[in-house]
Amino acid sequence: MYRNTISIPMETQKNIRHIVILVSPYSTLLDMCGPMDVFQKAIENMDKTGQPVNFTYQLHVVSTNRIKTIPMSAGLSIHSEGSYKKISYPIDALIVAGRSPRKEYLPEVALLNWLKEQAGKVRRICSVCAGAFVLADAGILCNKKQLRIGCFANIWHKPIRI
């Protein structure tokens with residue numbers, strides 16, 4: 001299970017901002033690891049801002065289904081905290097990692113409903129690459145600005161209006 005390795009000072013333990021990266025089977029490692037690296041660097045450098053910071057981030061990797069060990073597209077597997085259904089902490093930022101194009105791993109209705117519910121609760125919700133399709137399927141991207149998805153350029157040749 002991934003937990004960031006930076007110890008959390010006692011005075012900020014009550015001010016933890018939970019960053020959740022939602023990963024589906026056969027996603028790409030980069031779609032998960034990129035956001036993790038960014039937030040880990042933020043955690044490591046918070047004391048260097050020159051401004052008082054009264055919170056810290058805690059990173060969580062959760063699965064879109066029941067399995068804790070998630071097979072990734074590169075042939076490696078990652079060990080997550082478990083299903084998104086088991087989250088018991090307030091989410092500050094929810095990041096949907098790009099999903100697999102495999103039909104058997106399309107998002108379930110329960111996941112889409114949960115995402116729609118979370119969109120009204122979390123401070124930030126976003127996606128990496130094809131994770132935008134999951135947010136669109138959940139109806140979260142309705143009436144938003146144009147979107148260009150580079151890794152799926154063969155599907156759409158110009159921006160789509162959603």
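Reader: Is Tyr57 buried or exposed?
Author: Please keep in mind that this is a predicted model. A residue counts as buried when its relative accessible area is under 20%. The relative accessible area of Tyr57 is 10%, so Tyr57 is buried.

Reader: How many aromatic pairs are there?
Author: Rings of Phe, Tyr and Trp pair if their centres lie within 6.5 Å. By this rule, the number of aromatic pairs is 3.

Reader: Which kind of pair do the rings of Phe39 and Tyr57 form?
Author: Planes over 60 degrees apart count as edge-to-face. The centres of the rings of Phe39 and Tyr57 are 5.1 Å apart and their planes are at 85 degrees, so the pair is edge-to-face.

Reader: How many residues apart are Phe39 and Tyr57?
Author: Phe39 belongs to helix H1, residues 29-45, whereas Tyr57 belongs to strand S2, residues 56-63. The pair therefore links distant parts of the chain, and the separation of Phe39 and Tyr57 is 18 residues.

Reader: Which kind of pair do the rings of Tyr84 and Trp114 form?
Author: Planes between the stacked limit of 30 degrees and the edge-to-face limit of 60 degrees count as tilted. The rings of Tyr84 and Trp114 have centres 4.9 Å apart and planes at 50 degrees, so this pair is tilted.

Reader: Which charged end sits over the ring of Phe55?
Author: Phe55 forms one aromatic cluster with Phe39 and Tyr57. Over the ring of Phe55, 3.6 Å from its centre, sits the charged end of Arg17.

Key:
Residues numbered from 1 in each chain as written. Predicted model: local features only at pLDDT ≥ 70, side-chain atom pairs only at ≥ 80, totals over all residues. Heavy atoms only, no water. Phe/Tyr/Trp six-rings, centres within 6.5 Å; stacked < 30°, edge-to-face > 60°. Helix = DSSP H or I, 4+ residues; strand = E, 2+ residues; numbered from the N terminus. Buried < 20%, exposed > 50% of the residue type's maximum accessible area, 1.4 Å probe, protein only. Lys NZ or Arg CZ within 6 Å of the ring centre and 35° of its normal.
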